[in-house]
2 protein chains.
Amino acid sequence: MTLFDKHRALLDQAVHAAKTREYWSAFPENPSPKVYGETAQADGQAATQAYFNGDFPLQQTATRSWVATEQSPYGVALNVRYPDCAPADLVAAAQAAESAWQALGAQGRVGLLLEALTRIHQRTHEITHAVMLTSGQGPMMAFQAGGPHAQDRALEAIAYAWMAQADIPATAHWEKPQGKNPPLVMQKHFEVVGRGIGLVLGCATFPTWNTYPGLFASLATGNPVIVKPHPNAVLPMAITIAILRDVLREQGIDPNVVQLGLCPRNEDTQALATNPAVALIDFTGSTAFGNWLQSNAKQARLYAEMAGVNTVILESAGDYAATMKNLAFTLALYSGQMCTTTQNILIPQDGIATNEGHKSFDQIGQDLGAALAALLEDPRVATAVLGAIASPATSERITASAQVGRLVHASQKIAHPQFPQAVLQTPQLVALTEADSAIYNQECFGPVAYLVAVKDGASALTVAQNTLQQHGALTLGVYSQNPAYIDQAVRVSLRGKVALSINLTQGIYVNQSAAFSDFHATGGNPAANASYTNLAFVADRFVVVQRRAHV
Amino acid sequence: MTLFDKHRALLDQAVHAAKTREYWSAFPENPSPKVYGETAQADGQAATQAYFNGDFPLQQTATRSWVATEQSPYGVALNVRYPDCAPADLVAAAQAAESAWQALGAQGRVGLLLEALTRIHQRTHEITHAVMLTSGQGPMMAFQAGGPHAQDRALEAIAYAWMAQADIPATAHWEKPQGKNPPLVMQKHFEVVGRGIGLVLGCATFPTWNTYPGLFASLATGNPVIVKPHPNAVLPMAITIAILRDVLREQGIDPNVVQLGLCPRNEDTQALATNPAVALIDFTGSTAFGNWLQSNAKQARLYAEMAGVNTVILESAGDYAATMKNLAFTLALYSGQMCTTTQNILIPQDGIATNEGHKSFDQIGQDLGAALAALLEDPRVATAVLGAIASPATSERITASAQVGRLVHASQKIAHPQFPQAVLQTPQLVALTEADSAIYNQECFGPVAYLVAVKDGASALTVAQNTLQQHGALTLGVYSQNPAYIDQAVRVSLRGKVALSINLTQGIYVNQSAAFSDFHATGGNPAANASYTNLAFVADRFVVVQRRAHV
């Protein structure tokens, strides 16, 4: 039985789910020992720790040195050393692996990748402990977002890549009638050929979730891939790459189909990105580097997720308490270090109508602060929800934000009982006015939310639309009991090309997106030029080369 | 019955054909009166001529003047005046039409476009007489390539656009289990939203065939389109646009969903291309302007077909006479003014083995010249096959090419009995050596073929591969009786990402591609970054905007 046959049922389920967009998940998000095994967590963490203070077991050709680059936000001394290879050597090794990977065909590639993905899943605890330690995410979030949710996104990318390739027949018998003469008859062959080398540039905060889609999409469509993780979050991808290389080797394929490109120096990253053989770049990171890639890596297709400014509009509330609770969790989760976290909360300056009566702008600020305090009161909950601040620059932004407006709710530092060096900070709320667009229309990444007093509900829509046009966003939320207002918000979301969440008051948050159902980013506003995952994310990663001859 | 239901069977057939890639055509290529009607040709030509010396009936908002720009290669005084609108006004009108076009949905758009396409088909003789007069194509070729073949390509684009959108459900009921607690339940909506305005930049030689795919792909995916035809070949697209606008008006849709953007001044074209609202650009033309677009119109997705250098390798021949005949027709058709016409014929310097015995390099040159002479001996055949030279620059290139190598077969001027001002020129054959890559690796557009004496068969493959890498190509041909050699040629085609035709000796030519079966360009080499038509050609022309709310 081929690997494709072995995993065919999983693939078919994934394709079906992507087409219905109903709830489906291949990988359980519940870390319970009953699901993952009694000793899975301890075994996984031990496996992660076994990498510390050593050379990561990755035999790449032409390794010129071993380098440790990670600083854990939890203050854990990782000191894992990774192979540092010259960009030209990585490219040469990838090119050497290219034609065999292409010749394997869509079925061969998809089968092999699904086999690797199931092994990645078996090592969820190991990989996600590395996600936690490198990203600063809380343990539960690191497990879910870094494990099953990322694996679902990988499967989704494989499924779309399969759909895009499955429609192309391997051969066609072409017979053109010629009236009374014999027909013209040709045999045609069609081969899927990857565009070239895929380069995947990861980020510090979601080392697997934001890297898997591009990695698996490029691989499934016939491209060898070089993964350049963020220097601070290498380990989760090193483990992932090692698993992929194991499966490749077992199947008799050159493991250099997937390589770690550590690129500890920026010039190495730039050299890789602009190498003529690099045809695809997946990037999650700053708008500045995204723009640099667009201007300088012209030879490559770019799939970029960059900075955005996410907005929630409070026009009225049917369940005020649940609204505050929902927003508080959104702001607190991973200390707002998600590209989907709300930054601007637009509130009419004269307040809003709610099921608890009229609430003034100031009252809402107080109530949201109180909801944050209540959520984060218990240090065990706080440490789990907040995680650690991944970058000192984020702490500096929190401090600076107190100066740009009226401080409504101050960020607090929290000590982590287990990790004394970790910096944990609760969200800060800063009140602004509609005129402060120069402030609220810039991304302030981290646990800072602006409560913007806008003239009225109509102004809120205008402000949201301007922010979308100028800076883009991955998420937009609206709270309103007025169906006509919701309709207007829908039109803003269509014009601004952003996903809209309406009146979230239950266990779903505006910053969450579920694989197979929610598209993450539309690809249609400045925050991202591509989406996880649709056909456009995969269909241009390969070309079809045909040949034809008379029969 | 909706227009979608009316044309559903045609759409289903087109989708089926695109997936099997077997022979299928929706529109008959035989211009016979039995197929098109006894008076169809005369009526069509009369309709075309009725436009001469007048304002073309196109009521576009904000027309600032009426301008005639066309010079017929046949010397016919057309003097059709078209509305010239300011780029900003075209954009404003397109934007005003955008949301209603988007709201129509995929079914509404596809139904309307199929209705328009059937009406375009009914006016094939009218449109294709305009194609002939503006492009210089011979009448039969203008009819086939400008009519049914272009219409097939339009249908193909609509079919792919439909496939890409049909996989996205309008709504989804999402129910996530929560163990013993009630599930989380959400209702989700998904809307296809076009990326923005599509700009389609046409070429002088194939005013419909190279314009329809981008036009219909952008329209079907929810984008209003501005068509900027080549200034010398406006009329076929003006008629097409008028038909589309008629159908839009009948359906109560703002006709500015499709506009003619004449742009008689280059700065107007550049202003349009770089307008922030222009999100998609389809371009057929020079590499220089293609590169300009890539560098300057960064806000838009670019689908570009540019210059290429097409090669045929003669390694050995199983039917030498038929090979010569096939190549002669390829070179002569439309005087080599096709982007798919062979330019370089690579021949081992010591000659090749054929079914007629060994043929020396010089003999092959003589025989190919003789085949050309035989094909074009009869002036009626010659005028029909050659058509007219569309640009004086092409004639200059023919003259210049005699200086770069040894003239093997000189181009001849032919008088056209019906159109005394038309410039007709037969193909010129020029012998070069392998060392002359500076000459044969440049595009020499028009009826010039280089017979390149290469060291041997292996050298031919190397030369072909270098040409592909440096300059790209839309077509590659190989003649060989050696299966191992064919395999090597296949590998060259895969590496160079170009379609390969093997041993064409019957009524199929390397420069022809059939809709629904042959992909025109792979999109993977410098000659073109996109293909007619695959999913990649349509899938990124729209985004999906979702909204979700608790049930």
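Is A:Thr522 buried or exposed? In this predicted model, A:Thr522 has a relative accessibility of 7% and is therefore counted as buried, since that category takes in residues under 20% relative accessible area. The residue belongs to a loop of chain A that runs between strand β22 (499-502) and helix α21 (535-538).

The side chain of A:Thr522 takes part in polar contacts with backbone atoms. A polar atom of this side chain lies 2.6 Å from the backbone oxygen of A:Lys497. The side chain of A:Thr522 also reaches the backbone nitrogen of A:Gly524, at 2.9 Å. When residues up to four places away in sequence are not counted, A:Thr522 touches A:Lys497, A:Val498, A:Ala499, A:Ala530 and A:Ser531 of chain A, together with B:Val543, B:Val544 and B:Val545 of chain B.

A second residue, A:Asn511, is likewise found in the loop between β22 and α21 of chain A. With a relative accessible area of 3%, A:Asn511 is buried. Its side chain reaches the backbone oxygen of A:Thr330 at 3.4 Å. Apart from neighbours within four places in sequence, the residues in contact with A:Asn511 are A:Thr330, A:Leu333, A:Met338, A:Thr340, A:Thr341 and A:Thr475.

With regard to annotation, an unreviewed UniProt entry assigns residues 90-498 of chain A to the feature "domain: Aldehyde dehydrogenase". In the model, this span is 47% helix and 22% strand, and the C-alpha atoms at its ends lie 37 Å apart.

Key
Residues are numbered from 1 along each chain as its sequence is written. Chains are lettered from A and ligands numbered from 1 in the order in which they are written. This is a predicted model: local features need pLDDT of at least 70, side-chain atom pairs count only at pLDDT 80 or more; totals for chains, interfaces and linings use all residues. Side-chain values use heavy atoms; hydrogens and water are left out. Helices (H or I, at least four residues) and strands (E, at least two) are DSSP runs, numbered from the N terminus. Buried means under 20% relative accessible area, exposed over 50%, partly exposed in between (1.4 Å probe, protein chains only). A polar contact is a pair of N or O atoms within 3.5 Å; within protein, one must be able to donate a hydrogen and the other to accept it, and residues adjacent in sequence count only if both atoms are side-chain atoms. Contact means heavy atoms within 4.5 Å. UniProt positions are given in the numbering used here, feature names are shortened, and annotations may be inferred rather than shown by experiment.
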